[in-house]
Amino acid sequence: MKITSVSIHNFRSIKNCTLLFRDILVLLGQNNHGKSNLIGAIQFALDSSSKPDKDDLFAFAGGDDKKIWVEVSFDRLTEQEKIIWMEYIQSDGTFCFRKTATFEDQDKPKVYYNGYVSQPEEEWLQGDNANNYTNRSKISETPLKSYVPSTGQITKQIVIQAQQKYIGNHRESLTFYRVLESGPLLRTPNISAGVLPKFFLVPAVRDLVDESKVTSTTLLGKLLTFATNEMASVGPLFPKIDENLKELLNVLNPSPDNNERPRELVELESSINEGMRRWGVNVSLEVTPPTLLKIFELGTEIYVNDGHRTLANQKGHGLQRALIFSLMTALAKSMLNRSNSSTDSKLYPRKKSDLVIFAIEEPELFLHPHGQRSLDKALRVIADSENTQVLVSSHSTHFVNLNDYKGIALIRKNSTEEGTTLIQCTEDLFEEDSERKSRFHMATWVNPDRGEMFFARKVVFVEGETEKTVFPFLAEKLRCNSNGVSFIDCGSKYNISLYVTIAKAFQMSYVVIHDEDPLPDPMPNDWKQDKRKSFRNTYDLNSKIEQLVGDTGSVIMLSKDFEDCAGVSKNKGIKKGKALAALDHLDSLNVDNIPDVLVKAVRKIYE
């Protein structure tokens, strides 16, 4: 199964929001806008031991609204998972549970899980009302009378089973509605039986020296414990090692046929019994053989040899995080291999979930750009497994894959009262036009830094490198505050509409700058039809861009072209290149002599 969405209420900076999940989802946004709080809310929902305190309650929650809750929805359930979550599965094959923490004038919250069920309209078929029909005369007034034993006491469980059988036989004729059950999830107050997905968090700011030790509470220790469980579930040798270990340690225990028990242990036991004789008891010293998995947990260390062999927690933070990421990748591969090779077709009423969520805060920490790109590829490989999903919060463009724009969530916090909000794009922006889609994918290789648009206060889309070079230079010369403004080189006038489409989908503040490219009047007689058509198409883009932008952004059209507005010689542009020629020319001008059209354009961009 996979998570499809997470809805959050009153958690830290979040008043209300719903996050649509993907196999890999990248959270982008400024500091202190709520990325870590989104991850924290998911951890609260999936970690049965997680309990918030009053400081985790949204500061502007309503007077009587003292509840934190997080709902997690799933789809793509396996046959095994359909057995476990049978009573919660909706008609579309999904299921959803809610974890709630209530604060009722106490420091420690009450925490509980509930699931959403499809409830029939008929009152006598609703599980919450089962207690009302444990009386035989009462149940005889309903069609359930033929679904319960004719003699004996009718318990609540018998009524529930009768309701389920009746619903199964008459589902097509019944009307259902979705409701949150009043009782606990899976009818047990303790959901720690392992049925929920496993959640691993690689934090951004915690001391990695502690996280890189192998203990039951550290990240590396938890990952290793999980990895050894994975090994033991598929490796045929592990049960044999367990048996040998048990046989070896049983030598220490007293038994009639154990002639190999150490003399020192026998004497110690005899001495203790001598002292306890007046109590009329007998003391036996026995050793319980630990499981192999427990030995891994208690006695595993990871050494790294980079020319100097030391424990992993004695290396640099970059190497420590690389080790954690490598272990995550190995885990994902192991899980995929186990899934592909599994021959266990038996279905169980309760079984550990196979889904694992890896959450990584600022994966770019301690990594140079090439390392960041490699890690992004590795995380996407992890996310390809049918049993894993990856959640990333980042400030680096190397983790922004614009071709997977549905896997990007833009996090904002316009005010503390409104709380954290998010923007995601769920529609196929280029699906209807294969040429535009191909052009958009091509632009990835033309301009790999275009992901910077997601981090900007305002985005400026330009045709090429000349405008991208010159306008920031002019802004500095005119002493404009350029903080938060990013220029995106679209590669050509034809690509501008692609970037505008993305900007509109994510509600960005943006400006488009492009040349007018007017048609010659009259059109030269010696121009061939293809050339005439090309010039006409380029000119027609002006109206198409203006229409696409509408009132969602601003358009600055430079009469004729940039070189004409800037007064740059065409010959110099040919000799030096347009960008360098324009930069040299404008650098030589006094501020008062900069062409007015460019000054107005810069002022509009940075206003």
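In this predicted model, Thr100 has Tyr112 of S6 as its bridge partner. Strand S5, residues 95–102, and strand S6, residues 110–120, run antiparallel and are joined by six bridges.

**The sheet**
- S5 and S6 belong to an open sheet of six strands, whose order is S2-S1-S4-S5-S6-S7 and whose pairing is antiparallel.
- The edges of this sheet are formed by strand S2 (14–20) and strand S7 (176–180), each of which pairs on one side only.
- On average, and with direction ignored, neighbouring strands of this sheet are turned by 15° against each other.

**A helix across the strands**
- Helix H1, which covers residues 35–46, lies across strand S1 (2–11), S2, strand S4 (67–75), S5 and S6.
- The direction of H1 is at about 105° to that of S1.

**A pair of helices**
- Helix H14 (residues 496–505) and helix H15 (residues 529–549) have axes that come within 10 Å and cross at roughly 5°.
- Because angles under 35 degrees count as roughly parallel, H14 and H15 are therefore described as roughly parallel to each other.
- On the H14 side, the contact is made by Ile496, Ser497, Val500, Thr501 and Lys504, while H15 contributes Ile545, Leu548 and Val549.
- Sorted by class, the residues in this contact of H14 with H15 are five nonpolar, two polar and one charged.

Conventions: Residues are numbered from 1 along each chain as its sequence is written. This is a predicted model: local features need pLDDT of at least 70, side-chain atom pairs count only at pLDDT 80 or more; totals for chains, interfaces and linings use all residues. Side-chain values use heavy atoms; hydrogens and water are left out. Axes are lines fitted to C-alpha atoms, for helices over the stretch in contact, and angles run from 0 to 180 degrees between N-to-C directions. Helices (H or I, at least four residues) and strands (E, at least two) are DSSP runs, numbered from the N terminus. Angles under 35 degrees count as roughly parallel, over 145 as roughly antiparallel, 65 to 115 as roughly perpendicular and the rest as oblique. Contact means heavy atoms within 4.5 Å. Ala, Val, Leu, Ile, Met, Phe, Trp, Tyr, Cys and Pro count as nonpolar, Asp, Glu, Lys and Arg as charged, and the others, Gly among them, as polar. Two strands pair if DSSP finds at least two bridges between them.
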